[in-house]
Amino acid sequence: MRRVRDMMRSRAGELLKDGAVTRVLGWKSGEFYYDPTPSFFDTEESLDELVYNGFSAAMLSKYLIEATKKEGRVLVFLKPCDTYSFNHLLKEHKVDREKTYVIGVGCGGMLDIEKLRALGVKGIESMEELGENLVIHTLYGDKKFARGDVLLEKCATCKGLEHKASDELAVPDELWEWETSDRFARVSELEGMTSGERFAFWRGELSRCIRCNACRNACPVCSCNKCVFDNPRSGVIAKANADTFEENMFHIIRAFHVAGRCTDCGECSRVCPQNIPLHLLNRKFIKDINAFYGEYQSGESVDGKSPLTEFRTGDVEPGIVHERGGA
Amino acid sequence: MMLKLSIEKMGELFQRLAEGRKLYLPLDRGGQVDFGPWTPEAKVRLDRLKTIKSAKDFFFPQTENIVSFKRQGKDISIIENRDAEEPFVVFGVRGCDARSLDVLDRVFLCDPVDSFYKARRENGVVVSMACSEPEETCFCSIFGIDAADPQGDVVTYIIGDFLYWDERTDKGRALTETVKSLFSDASGDSSLVERSRGEIRDIVSRLPLCSLSLEGFDGSALKEKFGSPLWSELSQACVGCGTCTYVCPTCQCYDIQDFDTGHGIRRFRCWDSCMYSDFTLMAHGNPRKSQVERFRQRFMHKLIYFPANNDGMYSCVGCGRCVAKCPISMNITKVIKALGVEVNV
């Protein structure tokens with residue numbers, strides 16, 4: 001990852017100097033190793049603070065909506081999975097491609113600080129990523145983990161290391177590659193439950209929701225100019241409701257709204273302070289769309305219609321719900 | 001008087017504390033640790049330093065019924081449905097959260113007194129716990145909080161195989177009376193407790209964020225801080241979610257809403273967030289139109305306006321939840337560093 005960072009700094013410096021780009025969208029180093037913040041850099045000197053490591057998970061694609069409204073061209077670093085969301089934003093004309101310059105950055109899988117904390121890591125002083133291992137120096141002693149054991153959920157079920165959009169790549173040869181697992185396995189498990197069990201599962205998970213709206217705000221597909229939940233006159237304002245079921249509906253409505261558009265980037269679950277597996281709702285829709293309309297991956301390309309915006313005579317009828325045993 | 005109890009007997013203690021009142025303590029719910037009501041089956045997690053939300057919930061819940069209205073024909077009946085009168089104990093409150101109640105008291109107990117909050121404060125007993133293993137996200141000491149000797153009605157310590165119990169207030173003494181028979185006298189162990197306190201303070205002194213200086217953050221710096229050009233850079237990545245405000249033990253802004261149940265109205269109050277676009281919405285719109293202004297508001301409130309109006313008391317207790325939970329890792333410590341004195345850089 002350090003190799004990638006060095007490549008990023010040097011190319012960004014050159015492009016800024018040439019005037020090919022006006023500013024650079026990347027990640028800025030924080031207090032600890034695990035807390036880089038998305039940031040714009042507009043001078044070569046400021047690039048000293050540009051970082052890229054196993055905790056650069058925060059996706060930059062969505063920031064381009066606002067960034068490309070401004071003058072000039074912005075250089076953005078996209079990990080392979082971030083390029084899907086980038087394409088989706090282009091498809092919906094939210095981002096002006098002409099005002100972007102994309103450097104696809106190699107990815108060795110992003111790490112989950114919450115998983116590390118759950119494994120008892122506390123008092124972190126520094127970290128080192130050494131090949132397939134992560135070494136953490138803490139006030140309470142050193143700890144070593146295999147990357148594969150502490151990957152973010154979205155990375156454990158990675159869609160692949162190919163960039164679906166880029167102007168150039170910063171991908172060194174020796175990046176660590178890992179075994180991925182089936183992203184629909186957990187969805188299948190939920191499908192195997194009775195409706196009562198499934199209802200109880202989701203009521204339990206969603207009962208932890210604090211209505212912070214982090215899932216919605218981080219979602220690259222939630223890009224409405226004004227969300228219905230931000231409209232006080234809608235009656236479904238984006239704050240905790242007196243009724244817990246109303247609360248849960250927020251997530252159901254959001255899942256419906258992003259169906260057929262969700263790129264399965266996993267940001268919703270990553271940013272959830274309560275660790276609610278929100279991606280499972282989206283994956284259920286993706287799995288069903290694949291089954292009903294043929295394999296479709298949102299954001300794989302900019303062109304073409306998506307299954308839910310295209311009508312074909314062979315499309316499934318609403319009765320499919322009953323045929324599959326639903327109510 | 002210091003008392004002690006074998007760790008093995010904690011279940012009995014919880015049973016006793018839960019008799020005739022609610023007992024809230026850190027519980028594991030689906031792998032996440034948060035305060036919740038104790039039951040014999042509950043998985044108690046006192047080993048986890050930071051619950052996701054703070055103990056604030058029990059004094060100022062995220063949603064709270066105010067009143068209900070029911071309409072039948074031309075009649076409207078008003079139904080009282082407040083539930084702030086239940087006695088409860090909240091156990092395992094860390095020093096930061098215990099101090100946060102002082103901050104909330106300033107807001108809710110000044111004139112006009114918030115009767116909901118007041119009732120919950122009167123009905124609640126705080127049993128705090130010293131932090132045996134502070135984390136890198138902690139910075140309570142810069143606000144003068146001692147993680148080794150928290151405030152509370154009763155202060156507890158887990159040392160070795162024992163829970164030490166130290167009553168501090170009349171409320172605490174009354175609570176102690178109800179559980180005293182489970183404990184034995186520990187006045188001979190005071191050096192042990194003192195040693196443990198020393199160890200905690202030693203760790204705190206080595207935490208990276210505990211060296212932050214708050215110099216220059218006070219009412220006199222209002223104009224200078226407000227007008228700083230750094231706000232736009234600090235806030236540029238903010239996604240405008242409410243995570244920092246909702247995990248915060250001192251954030252106290254709320255909204256009042258009517259929920260149409262279809263056969264009546266439930267009027268309730270719920271936490272609001274200055275990060276939201278409809279915060280303090282008026283007829284002409286939100287007075288803070290951009291995320292830069294909303295972001296600035298949160299930190300100006302905590303570090304400048306609140307201390308200026310409350311004898312220098314900051315409305316941050318350094319619990320570090322926002323540090324751990326912000327989706328893009330922007331937080332008050334980065335703000336203090338950027339806007340504060342040279343020594344912080």
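Colleague: What makes the eight strands of chain B an open sheet, and in which order do they run?

Modeller: In this predicted model, the order is S3-S2-S6-S7-S8-S9-S1-S10 (chain B), with mixed pairing. The edge strands, S3 (32-37) and S10 (184-185) of chain B, each pair on one side only. Strands here are DSSP runs of E with at least two residues, numbered from the N terminus, and helices are runs of H or I with at least four. Residues are numbered from 1 along each chain as its sequence is written, and chains are lettered from A in the order written. Local features need pLDDT of at least 70, side-chain atom pairs count only at pLDDT 80 or more, and totals for chains, interfaces and linings use all residues.

Colleague: How do you know that S7(B) and S8(B) pair?

Modeller: Pairing requires at least two DSSP bridges between two strands. S7 (124-129) and S8 (154-159) of chain B have three, in the parallel sense, so they qualify. Among the partners, Ser128(B) bridges Val155(B) and Met129(B) bridges Thr156(B).

Colleague: And what joins S8(B) to S9(B)?

Modeller: Six bridges, running antiparallel; one of the bridge pairs is Tyr157(B) with Tyr164(B). Their hairpin has two residues between the strands, and Gly160(B) takes a positive phi near 60° there.

Colleague: Why is S8(B) called largely enclosed?

Modeller: A residue is buried if 20 or more other C-beta atoms lie within 10 Å of its own, exposed if 12 or fewer, and partly exposed in between, with C-beta atoms placed from the backbone. Five of the six residues of S8(B) are buried, so the rest of the structure largely encloses this strand.
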